[in-house]
Amino acid sequence: MLLEVWEASVRATHDFLVESDLLALKPLILEQYFDAVDLMVARNDAGDIVGFCGVSDGNIEMLFLAPRTRGQGVGARLIAHAINAQGATRVDVNEQNEQAVGFYQHIGFSVIGRSPLDGQGKPYPLLHMALSK
């Protein structure tokens, strides 16, 4: 179910990725990235996973929401938990994902740096953001 939410979220928000990028990331998410974070899931009233957030060493490494739940406060609640319970103060965001950049800015994060490549060395610039004091 986590992988399904991840893929639906990425397809809805990461329109800059090409299909081969998405297919290359999919096994990494399942086999490596989930195990590298402290993962918190959000469920709806029926018990279905509608979003998740992963934190490692104070960095929000992942936040993905089922597209149908966007705008309903699920992401804000997951981030509030990441900040308050998991000590998150930083996040890297794809520069082309303007909605995510705006979301984090709304919550109180500010851009503190930029990298021209993503974590896989692809030409998808990352904005390094930190929670403003």
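Let me start with a crossing: helix α1 passes helix α2 in a right-handed way, where right-handed means that the near helix is turned clockwise from the far one by less than a right angle, and left-handed means anticlockwise. Before I go on, please keep in mind that this is a predicted model, in which local features need pLDDT of at least 70 and side-chain atom pairs count only at pLDDT 80 or more, while totals for chains, interfaces and linings use all residues. Residues are numbered from 1 along each chain as its sequence is written, and side-chain values use heavy atoms, with hydrogens and water left out.

Back to our pair. α1 covers residues 2-13 and α2 covers residues 19-33; they pack at an angle of about 150 degrees, with their axes 11 Å apart. Helices here are DSSP runs of H or I with at least four residues, strands are E runs of at least two, and both are numbered from the N terminus. Axes are lines fitted to C-alpha atoms, for helices over the stretch in contact, and angles run from 0 to 180 degrees between N-to-C directions. α1 and α2 are therefore roughly antiparallel to each other, a label for angles over 145 degrees, with under 35 being roughly parallel, 65 to 115 roughly perpendicular and the rest oblique.

Who makes the contact, meaning heavy atoms within 4.5 Å? From α1 we have L3, W6, E7, V10 and R11, and from α2 we have E19, L22, L25, K26, I29 and L30. These residues divide into 7 nonpolar, no polar and 4 charged.

Which residues of α2 are buried? They are D21, L22, L25 and I29, buried being under 20% relative accessible area, exposed over 50%, and partly exposed in between, with a 1.4 Å probe and protein chains only. What covers them includes α1.

Now the sheet. It is open, with 6 strands in the order β1-β2-β3-β4-β6-β5, and its pairing is mixed; two strands pair if DSSP finds at least two bridges between them. β1 (38-43) and β5 (109-115) stand at the edges with a single partner strand each, so one side of each has no neighbour in the sheet. From one strand to the next, the twist averages 30 degrees.

Let's walk along it. β1 and β2 (residues 49-56) run antiparallel and are joined by 6 bridges, and R43 has I49 of β2 as its bridge partner. Further over, 5 bridges join β4 (residues 90-94) to β6, again antiparallel, with R90 partnered by A130 of β6. β5 and β6 also pair in the antiparallel sense, over 6 bridges, and F109 stands opposite L131 in β6.

Across β1, β2, β3 (59-65), β5 and β6 (126-131) lies helix α3, residues 74-84, running at about 160 degrees to β3.

R68 sits in the loop between β3 and α3 and is exposed, with a relative accessible area of 55%. Beyond four places in sequence, R68 contacts N44 and V50. N94, in strand β4, is buried, with a relative accessible area of 16%. Not counting residues up to four places away in sequence, N94 touches H14, F16, V101, D118, Y124, P125 and L126.

Thanks, everyone!

Methods:
Contact = heavy atoms within 4.5 Å. Nonpolar A, V, L, I, M, F, W, Y, C, P; charged D, E, K, R; others polar.
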